Amino acid sequence: MHATYTMLILTAVFSAPIVLYILRARAGKGEIYIRPIAGLSAIDEAVGRATEMGRPVLYSTGLSYLSIEGLCAVAILSHVARLAAKYDLRIIVPVNSYLLYPIAEEAVREAYADVGKLDLFKAEDVIFIPGQFPYAAGVVGIMHRERVAATFFFGYFAAESLILAEAGSQVGAIQVAGTPDILQIPFFITACDYTIIGEEFYAATAYLTHEPTMIGSLRGQDIGKMILATLTILLLVFGLLMAFAPKTFFSNWLLDLLLR
Amino acid sequence: MPAPTELEKKERMSAEKLVFLIIAVLVVVYIAGDCILYSLRQGFDGFWERLGVGIGAICTIGIYSFLYRENPIYRFLEHILVGLSVGYGTGVVWTEVIQPQWLDRMFGAEGQPANYLWLLVLIPGIMWYFQLSRRHVWISRFVIMFFMGTGAGGAFRGTFQFFFSERGQVIQTFKPILTESAGSLHFTWLNFSNLVFIVVVLCVLSYFFFTFRHETNPVLRGSSRLGRYFLMVCFGTIFGTTIQGRMSLFIDRLVFLYHDWLGISG
Amino acid sequence: MNGEAPSRMAWYDRLQKIDPRIIYLVVFVLVSIPFFVPIPVKMEVSPVVKKLYDKVEQIAEDNKRKKGPEKFVLLAMDWSPSVKAENQPQTAAMIEHLFRRGVRFAIMSHLLPEGPMMAERIAEHIAKKYNKRYGVDWVNFGFRQMRFADYMAFVRDMYAIISKDYRGTPIRDVPMMKNIRGLRDFALVFDVTGSGAYADWVYYAQPEAHFDIGVGVTAIIGPSIRPLIDAGQVVGMMEGLSGAAQYEQLLNIRGQASRGMGSQNLAHLWVIVALILGNIGYIASRRREKKLKKELK
Amino acid sequence: MRRNIIIILTFVGGLYYFLEFVLPGETGISKLIVEIGKVTLAIGACAFLLGVINLLRLHGTRVVLRRSGWHNSAALIVALFVMLIVHLVRYYSHAAEGDAVWRIYNLLWDNMRVPLDSTIFSLLAFYIVSAAYRSFRIKSGEAAVMMAAAVVVMLGQIPTGQEVTLWLKGYENDPGLWWLSRIRVDTIREWLMQYWNGAAQRGIIFGAAIGGLAMSLRIWLSLERGSFFDRQ
C-alpha cells in the first residue's frame, strides 16, 4: 500500500513537532516541564530498605530486546545501579536478550565506576537467560536463593510478569515496576508496591536521565496526541452535524478528506 | 504458634525431605511398572511411549514442587529447560532459514543455479559476533543499527496505515451518537455506548499528557483523573479475562497428568 | 498490642493471612473435580465468536456458488506449546470448521517454529474424520523467521520467501498451490497466538492484501483485540478457552474446550470467594483499628 | 567517521521503506522490496549462534571452575547440544517418523521441553489466585473500581455466572423493558470489554503509536542519545 495524500500531510503534521522539539531541547531553548511520576521516588526508598537489610537488589529487564524500550530499561538500570553502588549493595541483573546483555553489563560496570567502586562490580551478577519461561524460572530461582530485598521490573514484560512479581512478594521484597505493555500492568499493580503505568515508563526515563532528546520528544508527542484528540472531537462534532443535517455540505466531509 | 526452635526447624526439614523422597520413589516406581506393563503388551513401542509420558510427568511434578518450596529438583529442571530451548531454537534457525534461504541459494539446489554472490551475506553476518568483544563492539553496531533503521522506517508507515486507512483506528473513532430513523433523531443504547467510548478514549489519552501541568489546567485535571479511573476499569477487565487464561494452562497440565499419564479420567 | 501471643491472631487477621499453599491446594482440588465428575456446561455465544463463525460460513458459501476465484484461509500459527492449553482447542475448532465446509487452507508462522508443527498434527488428526489429504486440502508452509523487511517481501510476493513446504517439497509442486497466486487469494487470515503476533498482519499485511483477519488468542490478549474489532481490522475472535468452547458449541461438537469449562467454572468461583474472604478480613480489621483509635482519643 | 557510517546506514535502512510508502504508484523501488527481504532474512539469521556462545561462556566457566551448582550448568550444556544435534540429524537424514532419531526427538521435545515450558507457565494459575486474594483489597476508589470490573468479567465468562441472569434474556424485544436484557452478566461483560476496555485500549494505542512514531524518527534520523548511541 502507498500513502494517500492525506497520509502524506499527516506524516508531516505528526513528525514535525517531534523533530522540532527534540532539536529545540537539544539546543537548550525553552524549559520543558515534565509532570512528576508517582512510582519514581519509590526507587530510592526501595534501595534504602535493601541497604538497611544488607541484602541484594534485583533489576529485571524482562523480555526487553535491543529496542528503545530495552535501552530505556538500561537507562533506568544505570540510575538504580549507581544508587546501589553508592550504598555498597549488590545488584543482580538477569537479561533475556543476547543483544541487550552486553549493553546492560556495560551499564552496570559504568555505574560502579562512576561512584568509584569498580572493585565491587561482579560481572557474573549480570546474567544471561534466554527464552521466556526459562527466564522466569531462572529469575524466580535467584530471588529465592539470594533473598533479595528489593526488586525492580522495568522494560517489556509478558506473561512472566506475575510469576516474577509474586515470587518477589513471597520473599518479602519491596517492588517497583514499570512497563509500556499495558496488558501486564494489572498484575504489577496487584503484586508490586509501586507501578509506573504504560507510557509513563518513557517519561520516567526522561525524568531520570534529563536527556534533552527524550524530553523534547515527549513534548512533541504530546502535541501529536493533542492533534489526535482534536481530530476525535472534530469527528464527533461532524457526526452530530451529520445527524441533524444529513446529506448536506457537512456529511462525511472530514471523513472523505481523511481517506483521500 | 511460638517461634520454632532450631531443633524443631531441623526436624521439620527432615520430615519434609522424607515426604519428598517418598513421593519421588512412588512416582518412579509407578513409571517403571507402567513401562514394563506396556512393553509386555506392545513391545518396545509401548515401552518407549510410556517412558516418554513418564518423563513428562516427572517434569510436571518437579516444577510444581516449587509451589511448596524452592528445591534442587526444580533448579535442575530449570537448567534443562534453558538448554533444550536454546538448542532447539538454534537448530531451527539453521534448518528453516540458513539452509533453505541462504545455503541453497548460494550453492544451488533442486535445479536452481548456484549464485556465489550470496557469499557476501557473510560480511554483515559476521558483524553480529563483535558483540562478544568489548573492544570491537562498535563493529556490530553497523548491522544492528541497519536493522533498527529498517524497523524504524517500517514502524513509520505502520503507524499511518494503522491510524488512517479505511479500517484505521482514528477513522473508526468516528461514531454516530445520534441515530436517525423515520425522520426523527434517537439516542439509542448503541449511541450511548459510542458516547462512552469516545469519552473514555479522550480521558485516557489525556492521562498520558506529560509535559503539561495537570494541576493548573482545570480540564486536564478532571479528565486525567477520570482517565486514571477508566484505566482501572480496563485493568480490571484484563485481570478478569486473564484468570480464565491462567486456569486453562493448569487444566491442560491436569489433562496430561490425569488422562495421558494416570489414565484415570475420561 | 494487648499482650496476645501471635499464635492467637484475631479472626480477621487470620482471614487475611491464609498460607498461600492452602490457596494453591484448593485451586488444585477444585480444578480436578470436573475431571472425575463431568459437569455439563452451556455457554452464551459471544458476538465476537459468532462473527468469526459467520465469516467462515460466508467464505464457504461464496466458494460453493463460484463467486469469483476460489478463496482460501491462512492459518497463522504463532503459538508455542506453552500456550497450547488455549490455542490448541481454538486451532482444532477452526480446522474442524474448515474441513467440514470444504474450505482449503494453508498453515504457517513467521514467528514461532512450533506453531505450524502442532497445527499440522491437529490437521492430520481431524483430516481422518473428513477424509482430507495433505497437499490437496491443506498445505503447511512451516516456519519462516521474518523481520520487518523480509515480512514485507513476503506480503508482496509470498513465493519469494516460501520456497518449500514444511516437508521440504518445492512449493510449486504442491497441488493446492496452483490456485494460489499470492496473499490476495486468501479471504481470511486466522491468527492464533498468545502474543502480539497479530499486529504484523494488521499493520503491514492487511493494508496491502485486503483480507479479513480473525484471531484466536489467549484470554490475556483478548482485551487488546477489542479496539481492532471496533475498527473492523479484526472481524472476530475466539477469546481464550471460553471462546473456543463457544465455537465448539456452534459446531455442535464437544471438544477439549467444552470439557475444560467445568474446571474453569469452579476455579473462577474460588477466585471470587478468595477475593471476598480477603476483603472481609481487611474491612473488619480496618473497623477494629478505627474503633481502637476512637477509644484512645 | 565510524559514527557517520552508522548514521548513514541507519538512515538508508529506514529511507527505503519510507520512500516506498510515500512515492505513489508502482515505481522501480517497489520491486526491490522482495530482493531486499531475501537478503535481510539471511543476514538476520546469521546471529543465531550468539545466544549459544553467551550461554557457553557463562555456564562453561561455572563448570570449569566448579562453582556451586556447576552440575546444573553441565546439564544445561548437555541438553543444549543433544537437542541441537538430534534436530540436525533428523533434518539431514530425512528420517521418517518412527525412526530412532524421531523417537529421541519426540522424547526431548514432547516429553521434556513442552511439559517443562507449559508447567512453568501454568504456575500462574496458582499465583493469580493468591495475588487476587492477597492484594485485591478495597484500599481506595481506584482499587474498588478495578476489583468490581474484574468480578463482573469473571462472572460473565463462566456458565454459572451467566446462568444467574439468563432469565433476563426474554426481555430482549420488549419495548419498555429491553434494558433488562442489557444488564445480564454476560452482556455487561461484553459491553465492558468492547466499549470501556476497547476505548481505554484505543486511548493507550493513540499514545503508544505516537510514541512509536517518535522513537522511529529518533532512530532513523540518529537523534537518539544515551550511552548506547553515543559510544558508537
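Two strands count as paired if DSSP finds at least two bridges between them, and the elements themselves are DSSP runs, numbered from the N terminus: helices are H or I with at least four residues, strands are E with at least two. On that basis, β1 (residues 72-78) and β2 (residues 105-109) of chain C pair in the parallel sense over four bridges. C:Val73 sits opposite C:Phe105 in β2(C). This is a predicted model, in which local features need pLDDT of at least 70 and side-chain atom pairs count only at pLDDT 80 or more, while totals for chains, interfaces and linings use all residues. Residues are numbered from 1 along each chain as its sequence is written, with chains lettered from A and ligands numbered from 1 in the order in which they are written.

Now for the interfaces, where contact means C-beta atoms, placed from the backbone, within 7 Å. Between chains B and D, 92 residues of chain B touch 99 residues of chain D. On the chain B side, α6(B) brings the largest share, 23 residues. By class, that side has 58 nonpolar, 27 polar and seven charged residues; Ala, Val, Leu, Ile, Met, Phe, Trp, Tyr, Cys and Pro count as nonpolar, Asp, Glu, Lys and Arg as charged, and the others, Gly among them, as polar. Chains D and A meet through 38 residues from chain D and 40 residues from chain A. Here α9(D) gives the largest share of the chain D side, 11 residues.

Back in chain B, helix α6 (residues 218-262) holds B:Leu226. B:Leu226 is partly exposed because 17 other C-beta atoms lie within 10 Å; buried would take 20 or more, and exposed 12 or fewer, with C-beta atoms placed from the backbone. Its C-alpha atom is separated by 8.4 Å from that of B:Tyr207, 19 residues apart along the chain.

Technical notes
Contact = placed C-beta atoms within 7 Å.
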